[in-house]
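Subject: Structure for your review

Dear colleague,

Please find the sequence and structure below. My notes on the ligand and its surroundings follow.

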Amino acid sequence: GGSDAAKRRAGEAAAEQVVDGMVVGLGTGSTTAYAIRALGRAVEAGLDIRGIPTSFQSRALAREVGIPLTTLDDATPDVAIDGADQVADGDLVKGGGAAHAREKVVDAAADRFLVVADESKRADRLDHSIPVEVLPAAATTVEAAVRDLGGDPTLRLAERKDGPVVTDNGNLVLDCAFGALDAPGDLATRLSALPGCVEHGLFVGLADELYVGDDEDVTVERY
Ligand code: DER
């Protein structure tokens, strides 16, 4: 992945967009963590915001830095800040942290979805493997369906536990290689239709702004 300085630049630039009174979707991963820590400092200095976390990790970090929390039952996010594993023309592959199901709900609910990434995430076309969260009982069925769609599924195994990664929602993750995508929207629709697919990591047409950090600067793209 990219440099920590580049991730920090991107995260802090997006956090600057948050103003008093806002409800902020708090994404998951190491780049968004810089935004969450910046927001924590701003809250300490008097900024009045509430955060809606997207994972155990995001909630724990928000609590650690003192951001008051709310939920989608009680608030709609004005802004969501979240990372990505790959970005091409504003479309994203997400799910490296296996948090993409709740991330997509919060990111899509926000008036403005700000993506934060270091330059290593940029691509001309999306070709990153696509995480697909599946009901455990459906893993084998979805694997076969993914192969029928031309993909190559791999059950994501845990490192600090025997057996597979289990998501915050109690499900499993298939990392599905499809090669370079010409029509991410079509594949997204097909994956969403698979019985047993809880959520996939293609975020097509959802991002409103992209903050890309490199070793010197941060650039902003608006879609
Ligand atoms: O799991 C996720 O979707 C994360 O946002 C991931 O895509 C980016 O994580 P990173 O900022 O640690 O690379």
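The ligand sits in the largest pocket of this model, which is a predicted one. The volume of that pocket is about 360 Å³.

Regarding the pocket itself, 25 residues line it, and those nearest its centre are Thr28, Gly29, Gly96, Gly97 and Ala98. By class, the lining comprises 12 polar, 7 charged and 6 nonpolar residues. Two helices, H2 (30–44) and H3 (56–65), each contribute at least two residues to this lining. The largest share is that of H2, with 3 residues.

Turning to the ligand, 14 residues surround it, and Thr28, Ser30, Thr31, Gly97 and Lys121 are the closest of them. The shell around the ligand contains 8 polar residues, 5 charged residues and 1 nonpolar residue.

For Glu103, a polar side-chain atom lies 2.9 Å from an oxygen atom of the ligand. Gly96 contributes through its backbone, where an N or O atom is 3.2 Å from a ligand oxygen. As to accessible area, the ligand taken alone exposes 350 Å², of which the protein buries 91%.

With kind regards

Notes: Residues are numbered from 1 along each chain as its sequence is written. This is a predicted model: local features need pLDDT of at least 70, side-chain atom pairs count only at pLDDT 80 or more; totals for chains, interfaces and linings use all residues. Side-chain values use heavy atoms; hydrogens and water are left out. A residue is near a molecule or strand if one of its heavy atoms lies within 4 Å of it. A polar contact is a pair of N or O atoms within 3.5 Å; within protein, one must be able to donate a hydrogen and the other to accept it, and residues adjacent in sequence count only if both atoms are side-chain atoms. Accessible areas come from the Shrake-Rupley method with a 1.4 Å probe; for residues, only the protein chains shown count as cover. On a 1 Å grid over the protein atoms alone, a cavity is a set of points where a 1.4 Å probe fits but cannot get out, and a pocket is an open set with protein on both sides within 12 Å along at least five of seven lines; lining residues have an atom within 4 Å of a point. A molecule sits in a cavity or pocket if more than half of its atoms lie within 2 Å of its grid points. Ala, Val, Leu, Ile, Met, Phe, Trp, Tyr, Cys and Pro count as nonpolar, Asp, Glu, Lys and Arg as charged, and the others, Gly among them, as polar. Grid points are joined across faces, edges and corners, and a volume is the space filled by probe spheres set on the points. Helices (H or I, at least four residues) and strands (E, at least two) are DSSP runs, numbered from the N terminus.
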